[in-house]
Each structure stands twice: as structure tokens, then as C-alpha cells.
Amino acid sequence: MWRFALVRSGQLLLTLLLASIAVFLVIQHAPGDPAQVQLGLTATPAQIAVERQKLGLDASILHRYLIWATQVLHLNLGKSFTTGLPVTSTVVTAFGYTLRLDVVAIVLGLVLGLPLGLVAALRRGSWADTAISAFAALGLSVPVFALGTLLVLVFAVHFRVMPAAGAGVPGQSLLSALHFLWLPAVTLAIPFAAVLARYVRIELGEAMGEPYVLTARSLGLPRRTVIANAWRNAVIPTITVMGIQVGRLLAGALITETVFSYPGIGYLTVQSIQSLDYPVVEGVLLLGAAVFLLVMFVVDLVVGLANPRLRVQVR
Amino acid sequence: MRAVTEPATPVGAATALAVERLRVTLGPRTGGHDLVRGVSLTVHRHRTVALVGESGSGKTLTGLALLGLTPPGTSVAAGRLQIGGEELASCSDADLARFRGRRIAMVFQNPMVAMNPVLTIGQQFLQVLRHNLALSRPAARARARDLLGAVGVADAPRRLDQYPFEMSGGMLQRIMLALALSAEPDVLVADEPTTALDTTLQAQVMALLAERQAQLGMGVLLVSHDLGLVAGMADEVDVMYAGRIVERAPTADLFSAPAHPYTQALLRTVRDIASPTTTVLSAIPGAPPQLATLPAGCSFAPRCPLAAPECTVALPELRAVAAGHEVACVRVGQ
Amino acid sequence: MSAPRAVPGAPPGAPPGASPLVEVSDLVVNYRVRVRGARSHAVVRAVDGVSLTVGRGVTVGLVGESGSGKSTLGRALLRLTPAAGGAVTFEGHEVLSAGRGSLRVLRQRAQLVFQNPIGSLNGRMRVGSIVREPLDIQRIGDRASRPQRVRELLDQVGLPAGAEHRYPHELSGGQQQRVALARALAPAPSLIVCDEPVAALDVSVQAQVLELLKEVQRATGVSYLFIAHDLNVVRHLARETYVMYLGAVVERGASSSLFERPRHPYTQGLVAATPVADPARSSPPPLLRGEIPSPMDVPAGCRFHTRCPFARDRCRTEVPVLAPTPDGGAVACHLWEELPRAAASGGTLLSGR
Amino acid sequence: MTASPVTAAPVAVRATLPRVRAGVRRLSWRELVGGGGLVAFVLAAVLAGVVSPWSPDALAIGSRLQGPSTAHLLGTDQLGRDLLSRILYGLRPSLESGFAAIALAAVVGVLLGLPSGYFGSVIDSIVTRILDLLVAWPAVFLALAVVLLLGTGELQVIIAIGLAEVPVFSRLVRSIALLAARSDHVVAAKAAGASAPRIMVRHVLPFVVAPLVVQFAIAAPQALVAEASLNYLGLGTHPPAPSLGAMVSEGQAFLAYAAGPIVFPIAVIVVLVVCLTLLADGLQDRLDPHRGAERRRP
């Protein structure tokens, strides 16, 4: 297990390194001269040349990467082209909003998805199973932007019970902050719950068909125990799938946040790309990749702990 | 190896299991077809009855049906089911649940997948012992150690902390046997318990089964395809073909005077292969039948060397030809 | 093409001067096993210095428990699994170091039949294409004559007319194994490695396939290396039998004497554990205790000593070599001359009546 | 010894007759509804130029944000353009990009996965590393990277979605190739002297086809959603060319005045995606009824 964790950490660092190189290259090759962008359209060629030197654009690509990487490690990503604020603080603030939204969404998704999946798995072929499967299929079919927009239409425009956009003002009460969170959180939670229900149904349903379940039943164990035993097998692959979903959410719910103009990482990403605000694009891409990879790393460790084959090696 | 050297016909021995006209149907009530077609059998305590047949003969389903464990999509009906002297209202999952693990237990073919891979052996014992015998945690652990010792598993405390994947198939089948016998049931269904094992292990596990039977006195229903194996283990052999019992006899009689053409042909084949002097093997032509498309009359008729026109008319019933020896063939006695 | 190797010694029973069909000497096959979580690979010696000879037109049996390395040996001598050492001569050609040319001879003249017939047939191909494929690959005959040849082959293995248009899953297990045999026979091989060819079949069908194998051998003069765990089947078919344990041959001999009077305690145990379809003979208590150890840690000395009821100190340290016995076989046991012959009664156990 | 003629005749009958019948009879309701719907949408997109009552770009400032009427069956948008016409034309990039992206992913997936699974070792390690890099980001980040590198547009959308789907396809093909490479029928082909390319084409690829079709069907609705989403974010087609995703995002600002400009495109997307999902489920039941297929979704 320790060895597994060590190997996995090494992989994490390597992938992070590769990810940073990819981000760097993407930014380097993006259309639009950063010096030009920095100075605006009125700048003379001479001014641009000076600016290029200042930005280090003349050095070799490896050299530039090393300078850039050193700055990244010092959490110095420069200033936003559009607001002039430090990228690091901009990104961190946005991430705080995203985190807040995701926690609510994940809780909602778990509360909705787990029981639905359990019921569907244990009552295969029943009307409940059919209904839950239909919900899951629909939840996965409807695009998030469509779901979000429809929720806005119904609850913000028609009934006027929820705000259509934004996150409120800083320093507001928890209740009023929650008020702004409900619609985007539900928008995120429904597909999350759909994936979860679907997986629990498949995995638990499959586990219930395994020979060891037959053995447990032949030994007279009560249904509750039999299900609990099967669940201990089904939960391992389910954690992985859940982890991927959580990772995606944390890396930034681009579309949902855009629909609701919610000032999280996702919204920031879209805005910075549209306004070619490269320092911010760098920041969000790096943070998104790092968060996603970290979540997957944690998930792998959890799955490792849940899997006796790996755990046994600790002994 | 016979468990006990008593007379072949039990006098007043307690009935461990009795089932009449057992039927297992696949698919809907109408339009489905029977996989087990009216099987009746009785197993007494201390006795071993072997249910012998080729793949698809319905022998495993018969075993599963006795515990109410047939797969989804099948339905089970029986004229009568009695376990350990107690009559059951029906052979439904619910009615049998009370008996499973306590009065009737089962050992399966592949020990490598029969145990839960994420629970230790100890956890699996604990669950079973605490539920079936209402033992406390320490008492259950002590009992588990004893049970493992009784099936020849050395170093029981360490084994209890291990997972199934850390053990070999032979070891797991011993453990499975210990679990199945933990509540000292009246009857044990052993479904091809050694088919997945090498013959050297088969001999060990079979000897162990006989030993535990001598100690605990349960009746054993041994489901197998191997005539050689049952010859050394069973008191009575029931031969199944296409979902029905076609011949039933005390083991010695069946091997010395097989009456059904199928049994005769099967035995001839087995003996031919085993005999160093045979030059040409006698083989049964054709393949075992598909249950969905059974011909009318005797199911063996298409492969039978003695088949006559009357064989394709009606399904032959079991008829006694000697004491305890029954055959389902219209030609027998002719 | 490599030069033919000198034949070290004529096989027992072969006419003097004639080279055997297959000559395996000191063959070693290693498997690299990845231990999960560990960075390194463990090396498992699946076949550990096996020598074996197959004559022309005969059947040689190879028995042992699962994990004894018998299937690996069969595949390694066909060069389907890489060997780590030793030599294999097939029809006078060195196989293990063969270039394309010699390899082509091997691919034509040596074939394989498997345990699970349905798994060994490509389910997306019709029977006709399956049997025809070796002809296409080896460019045997011309395009026009191949369907006729396929028909002959199917006829030879007793498949009815029209079978070439079926898919494998439409046939019974016995028929599928006939298709596999027809495919193996297509390039007119001189050797077929049969890896448990009847173990997956029902008893009533086993005899059909065994009888067919014998018939094919009579008609074509093909040799079989017959790998099986069922001693009865091997004894019925093979004139000579090798017994493998943990990657090594522990006993070899003519099948008649080997099964009647097994010399090695392991062979004795195998024979004693084989059930007999006769309730009149009570089986003795099992001779072999415990299970075959993992090939990842083969015991020192005699590899069988951990399960041997007769093991002494010498067995735990000194590796026994395969030594000839008076009846023309060979046994790798320090004690075979002093062992009680009681277990030899196992020989009669096998006879049915 | 003779053959077993007993089973020969029934086998012959069983083999040919029902297979023909099964092809027609077993079209499930999922396949009928899903397939029928898809055909209708494709026809609508292809015939957009014929059936559209208006040009999709025809502005009519005087009649902005109107509700449904006989002139404009679904009403007009914020620039007075006919919604029905825009939706019909907007189907084109959705269907084109969606299917092109999946086709790209399938082709690349087979090219990477087949040798990776069949040969294993070094090739497998390299391919796995490449794929690991692709899945190190959520798919939408990948799309952003493509847009940053290549700018916005329909081709970029295809590449972005295709790239994100490559790992799924490659892993699917790899896992099947891995199993097939170890199967006895491949060993038999090797023993008969078949070359590696021959084995891959004749003995491995046929087993990849059915799961690949199923995966194609599963990925198609996802790709359509992704296409619409990228257009919603303004990263796809350039205005004023109509696309369903862009219509929703443009209409959102005028939500308080008229719901039609967003409700109708959304309805079309949802119905189209549901049709594709039904078709995928139906195909899956037919071609790949065993475990493993269902879990390939998200």
C-alpha cells in the first residue's frame, strides 16, 4: 500500500509537470502576440520589441519555460490584462466561490443519487427501476446549459422566487448566500445524481449476481447482510466514478457558472478566454488541472484502501 | 470411501430430505419450458445420494431449487418438500430462508469465486455463526477456529485474518465446507465440489467430506458428472437425463446391473476409457439434447441403440425392477 | 535456415538410425510475473529443464496437476511461448533459434488443439473459413482446390455436409472439437499438440473425440503430444507417458508399466487419486497431502519433498536426476529402489472391471 | 466411427431461418423511436434549404421577439429572425460536428488501441501515457486548449470533442484486443503461421466492431451535447451562422421578454439527444448485451 501510494505520488508529480508544460505551450502558441495585447493596438513596433524583451519572449523555449515555471512555483502568475489584479488572488477568490457551490451540489447529488441507485439495483425490472433509469437517462441527456436556462426561466423569470444570476454581495448572511446557490447547485446536482444512480444500479446489480451472493444466501444470511456484503464490492468502482465527477466539478463548472454568471473558476475561465486575458487563462488551466489530478489521486488512494488486495501488502 | 458401513437399505433411518415432483421452469408460465421435469428423491441421514448427469441435465438446478436459490427468471414448484423431518409449505425463497444454512446447506463448484473477495475468512465466519447460532463475537471466533481445525486447515487464527484471494482452491473448498456445516445441517447439497480441483485435491476433499459426514450424520446430495467419483462416495445413485431421473439404484446395483440404456452406455464408455485393454471405445452417438426443443416421448430415444417406435410416444415413468432399483424405460423388462 | 542438430540418442522404440520427430532437451521457460504494487517482476520458472522425445506416428502423454507446466511446455515447443533455454528439434530443424524459413516449416507441420473448443474457434468466422485459414496462410493448393480440401477435411473428422456454412456456436461441443481438429489437420501436420482436448466435453462425447483422434492417427500417421490431467484418457491413448511436477519431469515410461507400477511417489499419488467407476473397490485414503506449491518458490532439493510421504533429509537438499529403470522408463527420485511397492496396487485400480 | 448426424439437420434449419426473421422482428421500440427520430432530424437538416419558410439570417427589426404565428411558426428572435428556420439550419453543425468528432475518435481509438492491446509491452506503455495526458484534464479544458491554439470554429469543435473521446475508444479497443490476443483462436492462428497484421484484422478486429458501434452510439448524444455546449460558450460557429447552443446563449439576455428563443432550441436538442440515447440503448441490447457496456457511459 505504501509502495502503491509512493508510485502513485510519483505519477501525480509527473503528470502535473506534463500538464504545466502543456499549459505553457498552449499559451505560447495561442494566437495574438502577448506583447501586443499588453500594450494595446496603438503600440509602435519599437515599443512592442521592448515589451517582448521585458516579457522574456526572445529567449529559448526551454529557458522561457523554466522562468515561467519558477514564477508559477512562487505563485506569481502576473496580473490580469483586464482588471490589473494579481492572477493568483483572482483565481483563489473564484475558487472559493466554486468550492462553496460544489459542496452544496455534491451533497444534493449524493442525497438524491445514492438512494435512487440502491432502489433501482435491488428492485430490478420493477416500475421504480424503470422510472429511476428513465430519470438517469434524461439527467444525462439534457445539456447542462439547457437545464440551467430552464430552471432560470421557471424559478427566476416565471415564479420570481430565485435570483437568476450572480452570487450576491460579499459578507452576506449564509442564508442569502444559499439563496444564490440553489439554482446552480441543482443544475450541477441532477447530472451528478444521474451518473451516481446509474453506476450504483449497475455495480450493485452486478455484485448481487456474483457467486458469493449465492453462497451467502445458501448460508442463511439475512437479505440485509447479503446486500451489505455485495455493496462492499460495488462501492469500490463507484468511488472511482464519483471521484471523476467531483474532480470535474471542482476543476470548474464552466457551463453552469456561465449560465448563472456565478463568479467561480468556470465563469472566470470562459471570460478570460473570451477577452484573451492570458495570465488568467494560465492560472485557471493550471489550477483546474492540479485540482482535478489531486482529486483523482485521493480517489485512487481511497480505492486502494478499500481494496484488500492492495491493503494486504501493508502487513 | 463410504461414510459408514451400514446395510445399503436404511432401516428406520431419519429422512434428511424428501422432495416430490420437483419442477423448475424457465421463462413465463406459458411459453416457458421445464429445465427440471418432475424429480422426486429422498436422502436419509448418514447417507449419500449421488445425482449424476451430463451438462444441461438439470442436476445443479435441482440442487439449487432445494435451497430456493434458482436464478431469476425461473420458477419452482414441487408436490412436497421436507427437510429434516419438517414439511415446508412451498419451495419459495421465503419459505426456505428459515432452513438455509441451518437445516440445509450447499457447497459450490468453484471455491475461488464462492467467497466474498473483500471480506476476510474470519468476517465471513462471524456473520454466519452470529446469525445462525446467535454466538457472541469471541465465541464465534473460537468456534470458527474449531471449525477450521475440523476440516484440516492448519494455523486457523492466521487464516481467519486472510482474504480468499490469499488462498488456494483446495484450502477455500475446505473452508467452504466448514462454513456450510457450521450449523450442523440435516442435509448438505454438494454441487460438483471437486470439479474445479485437481484429482489429488479431489481425493482429499472427498475424504474430508466423508469424515465430516460420519461425525455429523447429515445426509449428502452429491451432484456430479463423474461416475468414477460417485462410485466411491454414494450409497445410492440417481441418473439424470434431460431434466428427469431415468434410473435410480443402490450404488452397487447400478454399477453391476445398469438397466437404462443411457446408464449402460455411459458406464461402458467410462470403463472402456479406463481399461488398458480396450482397442475401440464405445461412444454414445450425438450430443445431449436441448431442453427447449425436446422430442416427444423418451428424451434419450434419438441417441438410444434400442429405440423403438413406442419410445417416441409417451414419456416413460420410473418403474421398480428390483428392490430400490427404478428405471424409466419402456424396453426394460421386455 | 539453421543446420540440423545431431540427434543425441534414438528414442526408445524407434527403429535405429531414424531421427525422432520432436526432440526437446533441457527446455526452460520463464514467466515474468508482475507483483502488484511492486516495481520489479518476479521470475517464475514454469518449465525447468525438461527433455522429451516424440517419435513418428505415436502418441506421447504428458500428465501432471495444474501448475505443473505441461501446457507451457506444449506451447514452448511450438514456439508460441518464448523459451529461456534448451533446444527443440523438429523434423531435424532447430526450432527455438529458427529463422523465417524453418519457422514456416514448423507452422505447417506442427499444430495445436485446445481444451475449450468454442474458445479456440473464431466465433465471427464460418466453419469453412476456419478450416481453410491455414491453407490460405501457407498457400497450400490453389484457390480453386481449397474448398474441396476443406470438404475432405470436414468429412475426415466426421462433420456432416453443410457444416462449413455454420458458425461455431451453432454446433455442439463435440462437433466444435471436430472443427478444431480439422483445422489442425489442414496443413497436413506431422505433430499435433493436444492440450486437454476432451476435458471440457461430456463423458458421452469424450469417447467420440478420442476414437476420432485414434482414427486420424491411423489414417495420416500424425504424432500427438497429448496433454491431460485424466490418467485414464492418457493411458488409453499414449504409448509413452511423461509425468511433470512443478516444471520438471519426475517420471517417464511406457504407459502400461508406468500406470501399472508407478515408481515415483508423485505418480503413485496421481494414480491412487484417480477415481474408479467400481463401488466394489474401496478407494484407499488419499496418498498425497497438501497442494502443489507456487512455482514462484520451488522447494529446494527434490521439488516434491514437501508433499512426499517418504521424504528424508537427503530429499530436502539434493536434487534427484532422472535415472533409468529396468522396465525402460526413468524416474527422478532418490528412493525409488527402496520404496514400498504397495502403491503399485494403484495400477489395478485403473482397470474398470 | 461416424459423425453425429442427429444434430446436423436441426442445426441447418436453426441457423438460417430465424436469423433472417430475427433481423426484422427484434427491432425494439427503443430502436424504432430513436432511429426514426434521428432519421427525421437528419432529413430536416439536409432539407433545411427546401423546407425553411425564411432565410435563417433574414432580419426583420420590426418583428422582434414575436410569439408563434402563421408567418413565423415558432416566432422570432431578438433580431426578428425566424426561429424555425434558424433551428433547421442550426441542426446542421450539431449533427455534422457531433458525428464527425465521434468518427475521428473511433478511427484514432482503433489505430491506437488495436496495436496497444495486441502487442502490449512498449507500444502499450507509450499509448497509455499519451492517453493519461488526455484524461488529466476534464474534457471541457481540453476543448479550451484546442480553442486557444486553433481559434474558434466548427473544425476546432470537432477536434476538441474528438480528442476528448479518443481515450474512451482507445481503451475499449485495447481491452478487447487484449482479451482476443490471449484467446485460443489467436494462438491457433499463430500456430498456423498467421502474421500479426492478419491476426489483428481477421481475429481481433471482428470482435471490436460490435462494441465499437455501441460505443459510437453512446458517445453520439454526448458529443451533440458537447457541441451545443461549446457553441453556448461562444467557442464554436461564428455568428450569424445559426447553431442551437448559440441560440440559447443569445436568447438568455431576453428571457424576461420572450421564452421562445431559448425554449424551442432546447426542446430540439433534448429530443434529439433522447432519440440518440434510445437508439444507443437499443443497439446495446442487440449487439452487446453483456456487462461492461453500460458502464462506458460517463
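Between chain D and chain A, the rule finds 0 salt bridges. Keep in mind that this is a predicted model. The same interface does have 3 residue pairs in polar contact, counting pairs with both residues at pLDDT 80 or more.

How much area do chain D and chain A bury between them? About 3800 Å², with 75% of it on carbon and sulfur atoms. The contact involves 49 residues of chain A and 40 residues of chain D.

Let us look at the side of chain D that touches chain A. The helices of chain D that each supply at least two residues to that side are helix 5 (121-134), helix 6 (139-150), helix 9 (196-232), helix 10 (244-252) and helix 11 (260-287). Helix 11 of chain D gives the largest share, 9 residues. Sorted by class, this side of chain D has 28 nonpolar, 5 polar and 7 charged residues.

Now the other partner, chain C. Here the contact takes 34 residues from chain C and 27 residues from chain D. Chain D and chain C bury about 2500 Å², and carbon and sulfur atoms give 56% of that.

How many salt bridges does the rule find across the interface of chain D and chain C? It finds 3. A salt bridge you can look up joins the side chains of D:Arg202 and C:Glu133, at 3.7 Å from N to O. There are also 9 residue pairs in polar contact between chain D and chain C, again with both residues at pLDDT 80 or more.

On the side of chain D that touches chain C, at least two residues each come from helix 1 (8-25), helix 8 (184-191) and helix 9 of chain D. That side is made up of 14 nonpolar, 7 polar and 6 charged residues.

Last, the empty space. Rolling a probe the size of a water molecule over the atoms shows where such space is left. Searching the whole structure gives 14 cavities of 30 Å³ or more. The second largest cavity holds about 110 Å³. Its lining has 14 residues, and the closest to the centre are A:Tyr212, A:Ala216, A:Leu221, A:Asn229 and B:Gln124. Two elements give two or more residues to this lining: helix 9 (211-218) of chain A and helix 4 (121-133) of chain B. What classes do the lining residues of the second largest cavity fall into? They are 9 nonpolar and 5 polar, with no charged residues.

Terms used. Residues are numbered from 1 along each chain as its sequence is written. Chains are lettered from A and ligands numbered from 1 in the order in which they are written. This is a predicted model: local features need pLDDT of at least 70, side-chain atom pairs count only at pLDDT 80 or more; totals for chains, interfaces and linings use all residues. Side-chain values use heavy atoms; hydrogens and water are left out. On a 1 Å grid over the protein atoms alone, a cavity is a set of points where a 1.4 Å probe fits but cannot get out, and a pocket is an open set with protein on both sides within 12 Å along at least five of seven lines; lining residues have an atom within 4 Å of a point. Grid points are joined across faces, edges and corners, and a volume is the space filled by probe spheres set on the points. Helices (H or I, at least four residues) and strands (E, at least two) are DSSP runs, numbered from the N terminus. Ala, Val, Leu, Ile, Met, Phe, Trp, Tyr, Cys and Pro count as nonpolar, Asp, Glu, Lys and Arg as charged, and the others, Gly among them, as polar. Contact means heavy atoms within 4.5 Å. Buried area is the accessible area (1.4 Å probe) that two parts lose on being put together, summed over both. A salt bridge is a side-chain nitrogen of Lys or Arg within 4 Å of a carboxyl oxygen of Asp or Glu. A polar contact is a pair of N or O atoms within 3.5 Å; within protein, one must be able to donate a hydrogen and the other to accept it, and residues adjacent in sequence count only if both atoms are side-chain atoms.
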